[in-house]
Amino acid sequence: MNRQTLLEMLQQQGVTRRGFLKYCTALTSLMALPPSMVSAVAEALETARRPSVIWLSFQECTGCTESLTRSYSPTIEGLIFDHISLDYHHTLQAASGTAAELAREQAMHENKGKYLVVVDGSIPLDNPGFSTIAGISNVAMLKETVANAVAVIAVGTCAAYGGLPHAAPNPTGAVSVSDLVPDKPLINVPGCPPVPSVITGVLAHFLTFGAIPELDELGRPKVFYGQSIHDRCYRRSFYDKGLFAESFDDEGAKKGWCLYRLGCKGPMTYNACATLKWNQETSWPVESGHGCLGCSEPNFWDAGSFYKALSIPDGDYARAAGYAVAAGVGIGAVAGLLNKNTKANAVAKHSSVSVDDFAVNKNNNNEGA
Amino acid sequence: MQDLSDIKIIVDDPAVQSGNLQSIVTEIYHALKKLLAKKNIHRIDLRAMPWTAGEEQQLEQILGVGEVKIEMNAMGKSIFQETSYSGVWWISHYNDEGDVISRLIEISYLPDMIFAQQEDIKSALERLKNNL
Amino acid sequence: MDIFNNANDFLIWTRGTGFNIAIAIFIFGVLIRVLEILLLGRKADYSEPRGTQWGPGLKTIISRSLVDKGTLNRSPFVVVVGYIWHIGFFICLLLFVPHIELINASLGIKWPGLPSPVLDAAAAVTMFSMLAILWHRMTHPVMKFLSTYEDYLVWLLSFLPLLSGYIAYHRMINPYPMALGLHLLTVELLLVVFPFTKLMHAFTLFLARWYTGAMMGRKGVES
């Protein structure tokens with residue numbers, strides 16, 4: 001049943017060509033492609049088949065799945081029924097225990113070399129027992145499942161870069177999917193959690209074109225992560241004018257000025273929040289008056305306070321400076337005293353010279369000659 | 001209250017603007033010029049814009065309401081509203097649940113999707129034949 | 001860059017450990033250099049003072065920072081361009097809001113900044129005048145003869161923070177964490193070499209000018 005094309009499926013449901021084109025229009029928008037691509041998307045979808053998807057959840061908080069279920073265009077139901085065949089997702093599926101694991105093995109077997117693996121959560125390596133599913137360690141399940149997959153999508157910052165479990169001191173020895181899967185086409189869809197429509201958009205892209213989209217150097221699809229929050233922020237003009245909120249309730253904050261001074265990490269963060277927004281495009285963090293945390297960037301948990309401006313160093317530099325002052329004063333004093341001593345010695349070694357001395361020397365020299 | 005979109009957005013500080021309004025109006029202007037000269041069709045995806053609250057409503061007001069409004073029912077409702085600027089269409093697609101799934105501005109004589117489609121005509125022929 | 005997994009790690013290092021190291025070396029070095037001058041002391045002067053020291057000392061700090069007409073007539077290029085780049089450098093350093101934020105966080109003082117386009121222009125003018133200064137140094141026969149490798153090193157290390165800052169502001173290197181990290185790294189390099197090169201003039205000029213003024217003031221002479 002997975003082998004039907006999407007067009008055939010829609011036709012069976014009595015969807016007209018107009019309906020199909022409308023569907024393609026929404027899908028093109030979802031994939032963040034320009035509207036001129038609608039006909040290309042329609043053409044691709046005529047032959048596209050629903051891929052089997054195996055969703056693995058490791059060291060995660062289910063926030064990414066929660067985010068996915070908030071996708072409304074397409075809805076999660078629409079996604080599962082029309083776009084993909086979600087064959088394994090232990091949070092969403094009805095089956096549990098042995099039946100659930102059977103479904104995973106079946107999907108892997110039947111769609112060998114063609115199925116898509118989606119991972120949320122990081123993988124602990126210190127002790128495989130830190131996180132297991134049906135008695136199988138995360139690392140073993142990942143390696144086994146990925147072996148015959150066509151591609152892997154790491155959803156969420158934990159799967160993409162290690163995320164919260166990987167943050168210092170990383171007690172479980174957590175690693176990202178890319179650390180363990182070096183040889184498969186891999187798409188990172190980071191975010192804590194990712195924007196719902198970014199997750200579905202990436203899935204739709206794979207379904208439509210049967211290939212992974214163009215990625216940046218951190219493995220993120222450029223259509224969604226190509227521009228920084230700062231570049232797409234509607235408050236950008238205030239940054240350029242030098243108008244900043246200095247506390248969360250001052251006049252500047254009320255006027256919607258730039259949140260840079262309050263620690264916004266927008267300049268260093270690449271994500272689609274500024275355009276796709278959250279909660280059915282209602283708003284997004286900066287629009288609600290809070291700076292960006294940088295959650296789609298590697299190690300954002302270790303990148304210092306969320307409320308410290310990006311230009312402020314993050315280390316304990318006051319302490320470093322304190323030690324330097326102590327050492328500088330100490331050694332400076334010693335150096336000063338040594339210099340004084342050198343000077344005193346030099347003064348002491350000076351012998352007085354008089355005109356007579358020159359005369360004597362002259363005579364001596366003459367005698368010598 | 002049915003939906004988030006039912007919450008009315010009131011813009012109390014028009015000074016907070018992203019500057020996108022002006023650039024979209026400019027884009028529409030140039031697209032309309034091209035439509036007249038070369039019959040080029042142009043579409044703008046409104047979803048891909050970093051709007052501030054209420055900016056999109058402002059654009060709707062700027063463009064105004066024109067003479068033609070077409071309602072389509074295919075996998076949910078769609079509204080094709082001609083704006084007060086002839087050749088500029090405001091298009092909203094909804095899904096079966098009534099959520100907006102896509103919003104576009106199309107600069108064309110008539111939105112493409114309105115025309116009867118080859119495939120649909122073929123299947124209509126089939127069905128008619130059965131009624132002969 | 002093998003020691004860092006990605007641009008973010010590089011930025012985290014330059015914002016953390018890198019800055020700690022640089023600021024410690026800077027403070028340590030400057031203190032040593034200043035203390036070894038101050039502690040050298042002066043022989044007690046038993047002559048009767050004919051005037052005060054502090055007033056003339058402070059006045060001389062200002063008066064010797066103003067344009068000297070004779071020097072201006074002799075080498076107008078060096079004087080004018082020298083002023084332009086010093087002033088431009090301080091505008092960029094002290095009036096860019098992210099920099100003010102850093103100063104406020106570490107010293108607890110702040111002042112209003114300038115809009116970004118103004119700073120953008122200041123940075124461009126400063127870099128251009130620095131390039132002109134370098135060109136002058138490399139083509140003027142006397143300057144060329146007198147220049148040591150330290151002069152070129154100091155020029156480079158002063159120029160790089162401006163260039164990398166300009167690049168970071170305009171986001172010419174992607175991803176941005178790499179651009180910002182490079183800017184911080186160039187600043188840290190400048191901080192590290194600062195106390196051990198002629199860059200120390202930023203501190204010693206005040207000592208020297210004050211001393212000249214104070215000494216002359218004591219003698220009741222105009223300086």
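## Ser102 of chain B

In this predicted model, S102(B) sits in strand β5 of chain B, a strand that covers residues 100–107. The residue counts as buried because its relative accessibility is 2%, which falls under the 20% cut-off. Once residues up to four places away in sequence are set aside, S102(B) touches I91(B), S92(B) and H93(B) in chain B, and also T25(A) and A26(A) in chain A.

## The interface of chains A and B

The contact between these two chains draws on 32 residues of chain A and 40 residues of chain B. Between them, chain A and chain B bury about 2900 Å², and carbon and sulfur atoms carry 56% of that area. On the chain A side, the residues that lose the most area to chain B are R18(A), K22(A) and Y234(A), which together make up 25% of what that side buries.

## Chain arrangement

There are 2 pairs of chains in contact, and of these it is chains A and C that share the most contacts. Chain B and chain C, by comparison, are joined by no contact, and their closest C-alpha atoms lie 17 Å apart.

## Chain A as a whole

The secondary structure of chain A consists of 18 helices and 9 strands. For its 369 residues, a compact globule would have a radius of gyration near 21 Å, whereas the value for chain A is 32 Å. The C-alpha trace of chain A spans about 125 × 50 × 45 Å along its principal axes. Among the contacts in chain A with a separation of 6 or more, 74% are accounted for by residues 24 or more positions apart.

Of the 369 residues in chain A, 54% count as buried, and the accessible surface of the chain comes to about 15800 Å², with 56% of it belonging to carbon and sulfur atoms.

## Ser131 of chain A

S131(A) is placed in the loop of chain A that runs between β4 (123–124) and β5 (132–133). Although this residue lies in a loop, S131(A) counts as buried, because its relative accessibility of 13% is under the 20% cut-off.

Apart from its neighbours within four places in sequence, S131(A) is in contact with F58(A), Q59(A), P124(A), I136(A), S137(A) and N138(A). The C-alpha atom of S131(A) is separated by 20 Å from that of C192(A), and the two residues are 61 residues apart along the chain.

## Chain C as a whole

Chain C has 11 helices and 0 strands, so that its pattern, when read along the sequence, is α-α-α-α-α-α-α-α-α-α-α. Taken along the principal axes, the C-alpha atoms of chain C fill a box of roughly 70 × 35 × 35 Å. Residues 24 or more positions apart supply 70% of the contacts in chain C that have a separation of 6 or more.

Of the 223 residues of chain C, 39% count as buried.

Key: Residues are numbered from 1 along each chain as its sequence is written. Chains are lettered from A and ligands numbered from 1 in the order in which they are written. This is a predicted model: local features need pLDDT of at least 70, side-chain atom pairs count only at pLDDT 80 or more; totals for chains, interfaces and linings use all residues. Side-chain values use heavy atoms; hydrogens and water are left out. Helices (H or I, at least four residues) and strands (E, at least two) are DSSP runs, numbered from the N terminus. The radius of gyration is taken over C-alpha atoms; the globule rule is 2.2 Å times the number of residues to the power 0.38. Buried means under 20% relative accessible area, exposed over 50%, partly exposed in between (1.4 Å probe, protein chains only). Contact means heavy atoms within 4.5 Å. Accessible areas come from the Shrake-Rupley method with a 1.4 Å probe; for residues, only the protein chains shown count as cover. Buried area is the accessible area (1.4 Å probe) that two parts lose on being put together, summed over both.
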